[in-house]
Amino acid sequence: MSQRLGDLLLKAKIITPEQLAQALKAQKENGGARLGSILVKLGFVTDEEVTTFLSRQYGVPAINLNYFDLDPNVVKLVPQETARRYQVLPLSRVGSSLTIAMADPTNVFAIDDVKFMTGFNIEPVVASETAISDAIDKAYAAPEQDNFEDLMATLDDADVELTNTDQEEIALSELEKAADEAPIVKLVNLILTDAVKRGASDIHIEPYEKEYRVRFRIDGVLQNIMSPAHKLKDAITSRVKIMAKLDISEKRLPQDGRIMMKVNLNGRKKQLDYRVSTLPTLWGEKIVLRLLDKENLRLDMTKLGFEPESLEKFERAILKPFGMVLVTGPTGSGKTNTLYSSIVRLNQPDTNIMTAEDPVEFQLPGVNQVQMKESIGLNFAAALRSFLRQDPNIILVGEIRDFETAEIAIKAALTGHLVLSTLHTNGAPETISRLMNMGIEPFLVATSVHMIVAQRLVRRVCAECSQPVEVPHPALIAAGFTPEEAKEVQPRKGKGCSICNGSGYKGRCGLYEVMEVDEELRELVLVGASAMELKKKAVERGMITLRRSGLRKVQDGVTSLEEVIRETVA
């Protein structure tokens, strides 16, 4: 076993022949300890590299235990003595199957013992010996300290159902039966449900030449979760595509689909929605799943992160009977959430609200939502034209991408409709220039656009492990604080704990730059002023910039200075 692992590491040029010889010598001196563990202790390889190679060697999925939250109820299924003797750790249970992490998945004595002891079928995944030892110490030493609030019950307590877009349910018993028969089904279910448990917004399943990895985007940052065996790549891809009702035979073109699941949490069913995108890459199809969880959608505008004066301006603009309000920012900055919050605020029985979205992410009662279908010619411009014949009060356009859409939206705003939409620009003043570059006349922009909101998302400092940090005054002043503010401000940062998975951050909040287009700004727009001139005038008129919004959050201890500097410019 050890020599084979050593050969694999040598072949991949991870270690040198000299390092292997040194490790084998140390292995003999330590009474035959595992080669992987010795290589890690000597500093020749990392735990992740060993786990990846073990996964390839045994043909079973790999898991990174550093990012796996253990359930005390599952851990209790295997006594501590057994776990330490065989270096195994129970992770999750689905139906009659128990998934356990093992340093050596070929140890049939360990598998048989655990199977006899628990009465479950055993499904092994591989992890490094060091990671398993550390996880066993943590799991059996103080399980009562694990206060992480699960977003989802572990797989043994959760009944998982798949539903298609027509809400046709697959019988739970059939799903469980299929899961018992197919390890791939269990693995994909584990990935999907673990993402919910961790509060992830996206799942990335990525093939490379010598690696196959799964990453979750948690609070805006991608984290490695596991490395399934490379030979499982096609099976996992096919399983996800079947769930999303995509063509598994088409591997040359990108495809988009949707997976809908129902999870039973303590007797309460929770509807989960995954937006699926596949993309052919050099080494296979990459899959990205965006998790659309209604419970994570904040529709109360007072809790999004607006400063009080900015929120007052924003509400004033969306309560006007006509005109255009634009929300700008990069992908994943929370624009959709802000627009949906606006729609919920405006949704009244006497108001006709029409939305054109690509895709429709969340279903809002009382709102006429239209899904774009480019393949049949239903784009934003076509939908907008149709909306104007549907007697609307408020129109939401998912995104202004071209001149045609912008022109119709502006004409709608000038003819008695309130139009809400998004653009991809870096800041509020730049949006004016972008519209003009699309070909819109300055006088149309000046008269139709009432407000532009630019936004970013930053991670919140974990409330459990937040602590003050010392930052030199010159650094604070360089970030944008005045000399007086630099003397008073006390930045905070999380030191890392079990609640935030050691990152120091938990959750996110928005930074907002709200530019109200008043008479003075309109005059500048009409004479073709630059974005810099518009920004200077807007700040004079009381606009809080993205950087200033972030600095206020630092003053309040909501986020860290590093997050604000990462997402904004001075």
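1. **Ground rules.** Since this is a predicted model, local features need pLDDT of at least 70 and side-chain atom pairs count only at pLDDT 80 or more, while totals for chains, interfaces and linings use all residues. Residues are numbered from 1 along each chain as its sequence is written, and side-chain values use heavy atoms, with hydrogens and water left out.

2. **Overall make-up.** The protein has 23 helices and 19 strands (DSSP runs numbered from the N terminus, with helices being H or I of at least four residues and strands E of at least two). Of its 570 residues, 52% count as buried (under 20% relative accessible area; exposed is over 50%, partly exposed is in between, with a 1.4 Å probe and protein chains only). Take the contacts (heavy atoms within 4.5 Å) between residues at least 6 apart in sequence: 65% of them join residues at least 24 apart.

3. **The second largest pocket.** This one holds about 830 Å³ of space. For the record, a pocket here is an open set of points on a 1 Å grid over the protein atoms alone, where a 1.4 Å probe fits, with protein on both sides within 12 Å along at least five of seven lines; lining residues have an atom within 4 Å of a point. The volume is the space filled by probe spheres set on the points, with grid points joined across faces, edges and corners. There are 25 lining residues, and Asp256, Gly257, Arg275, Pro359 and Gln371 are the closest to the centre. Strands β8 (255–265), β9 (268–281) and β10 (284–292) each put at least two residues into the lining. By class, the lining splits into eight nonpolar, seven polar and 10 charged residues (nonpolar: Ala, Val, Leu, Ile, Met, Phe, Trp, Tyr, Cys and Pro; charged: Asp, Glu, Lys and Arg; polar: the others, Gly among them).

4. **The β12–β13 loop.** Pro359 sits in the loop between β12 and β13, and the peptide bond from Asp358 to Pro359 is cis, with omega near 0°. Glu361 is also in the loop between β12 (353–357) and β13 (368–371). Is Glu361 buried or exposed? It counts as buried, at 15% relative accessibility. Beyond its neighbours within four places in sequence, Glu361 touches Arg258, Arg275, Leu292, Thr336 and Tyr340.

5. **Two positive phi values.** Lys245, in the loop between α11 (233–243) and β8, has phi near 60°, a positive value in a residue other than glycine. Asp391, in the loop between α14 (380–387) and β14 (394–397), has a positive phi near 55°, and this residue too is other than glycine. Lys245 counts as exposed at 55% relative accessibility, and so does Asp391 at 64%.

6. **The α20/α21 pair.** The axes of α20 (519–526) and α21 (531–540) come within 10 Å and cross at roughly 170°. That makes α20 roughly antiparallel to α21. The axes are lines fitted to C-alpha atoms, for helices over the stretch in contact, with angles from 0 to 180 degrees between N-to-C directions; under 35 degrees counts as roughly parallel, over 145 as roughly antiparallel, 65 to 115 as roughly perpendicular and the rest as oblique. Glu520, Leu521, Leu524 and Val525 of α20 meet Glu533, Leu534, Lys537 and Ala538 of α21. In class terms, the contact has five nonpolar, no polar and three charged residues.

7. Cys509 belongs to strand β19 (505–516) and is buried at 3% relative accessible area. Leaving out neighbours within four places, the contacts of Cys509 include Leu304, Arg456, Lys553 and Val558. Gly550 lies in helix α22 (546–555) and is buried at 0%. With neighbours within four places left out, Gly550 contacts Leu511, Thr559 and Val564.

8. **Pro491.** Where is Pro491 found? It is in the loop between α19 (483–488) and β18 (492–494), and at 4% relative accessibility Pro491 counts as buried. Ser560 is 69 residues away along the chain, yet the C-alpha atoms of Pro491 and Ser560 are separated by 6.5 Å.
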